[in-house]
Amino acid sequence: MKYNLTDLRLFIAIAECQSLTHGAERAFLAPSSASHRIKMLEASLGTVLLHRRSRGVELTRAGEIFLRHARQVFARLEQMHSDLAPFAEGVQGHVRLWANTHAIHSYLPNDLAAFLAEHPQVSVNLEEHTSADILAGVARGDAEIGIVAGYDDYQEVDLVPYRADRLVLITDPGHRLATAGSLAFAQVIGEPFVMLHAGSAIHTFTMNTASNMGSHLNVRVQVNSFEAVCRMVAAGVGVGLVPREAVKLSGRQPVSIIEVEDGWAQRDLKICTSSKAPVSSFARALIDHLLAE
């Protein structure tokens, strides 16, 4: 490649300022030097990135694509520095942990806090994924440890029980279904729902469950936490499908709990590790801590 990070940083500055002169100033370069760099960059890529106008510059379609990737380059560099920073500060171990929404919003915060307090030399990179993606990621080696729900067996990974929990329906106390006791999911699928945001593991699971039943959920509100789901439901916005533990952790929100009769509602959490590659000593320490909890 005949361009470098300075060229990428310059291009981002010009694109954001919509001006070669102002972009050069932001990148601490003379306009003539900036212009030469952009010309060399375009020659190297074999395409025009900027249209020069009388009052600034405009990105070509290729320029828009290049801008997106240039920003991603710096985002990845920042992530690299963030991942390496703990080692410079004396952290000796790093564990990659993938978990589903259920675990991240219920048990993991307290369990991880206790572990990290006992092991100050260890850092944990926690990512949220669906259970299916977690199993595949652990099998590939993208994560050392995974926490999933709803699986009893999966090739290439070992599963051990972590926490027992169950999905329940919640309504405000005045809702017509509040005293139902238990219901099949099909009986409430037409109700307006309060759910976690799109992209969360439980959102994907719930939408797929409805789709497999030949239905579509009426999602009235999407929020960022189970606590917010409980608050919205308590206010009468709609019904919610959440882990029972999330209702306990949400505080004293006035909601009615309805058991879900479907078998998939039992969402016991399990810890998974690769059956082909041993985990690090730090990952083993974390697993032992989670199992003890």
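Q: How do the residues lining the largest cavity divide by class?
A: The lining of the largest cavity counts nine nonpolar residues, one polar and no charged ones. Keep in mind that this is a predicted model.

Q: How many cavities of 30 Å³ or more turn up in the whole structure?
A: A cavity is a space where the probe fits but cannot get out. The search here finds one of 30 Å³ or more.

Q: Which element gives the most to the lining of the largest cavity?
A: That's strand E9, with four residues. At least two residues each come from E9 (192-196), H8, helix H9 (226-234) and strand E11 (239-243).

Q: E9 keeps coming up. How does E9 pair with E10?
A: The two strands run in the parallel sense, with five bridges between them, and E10 covers residues 218-223.

Q: What unit do E9, H8 and E10 make?
A: Handedness is read by following the path from one strand over the helix to the next, with the strands pointing away from you; clockwise is right-handed. Here, E9, H8 and E10 form a β-α-β unit, and the unit is right-handed.

Q: Now the open spaces. How much space lies in the largest pocket?
A: A pocket, unlike a cavity, is an open set of points. The largest pocket in this model holds about 330 Å³.

Q: Which residues lie nearest the centre of the largest pocket?
A: Look for Thr130, Ser131, Ala201, Phe205 and Arg267, out of a lining of 18 residues. Helix H5 (101-104), helix H7 (131-140) and helix H8 (201-212) are the elements that give two or more residues to that lining. H8 has the largest share, at seven residues.

Q: Last topic: how many disulfides does the structure hold?
A: A disulfide is a covalent bond joining the sulfur atoms of two cysteines. The count in this structure is zero.

Q: Is cysteine 230 buried or exposed?
A: Buried means under 20% relative accessible area. Cysteine 230 has 0% relative accessibility, so it counts as buried. Cysteine 17 is at 24%, so cysteine 17 counts as partly exposed.

Conventions
Residues numbered from 1 in each chain as written. Predicted model: local features only at pLDDT ≥ 70, side-chain atom pairs only at ≥ 80, totals over all residues. Heavy atoms only, no water. 1 Å grid on protein atoms, 1.4 Å probe; cavity = no way out; pocket = protein on both sides within 12 Å on 5 of 7 lines; lining within 4 Å. Points joined across faces, edges and corners; volume = space filled by probe spheres on them. Nonpolar A, V, L, I, M, F, W, Y, C, P; charged D, E, K, R; others polar. Disulfide = S-S within 2.5 Å. Buried < 20%, exposed > 50% of the residue type's maximum accessible area, 1.4 Å probe, protein only. Pairing = 2+ DSSP bridges.
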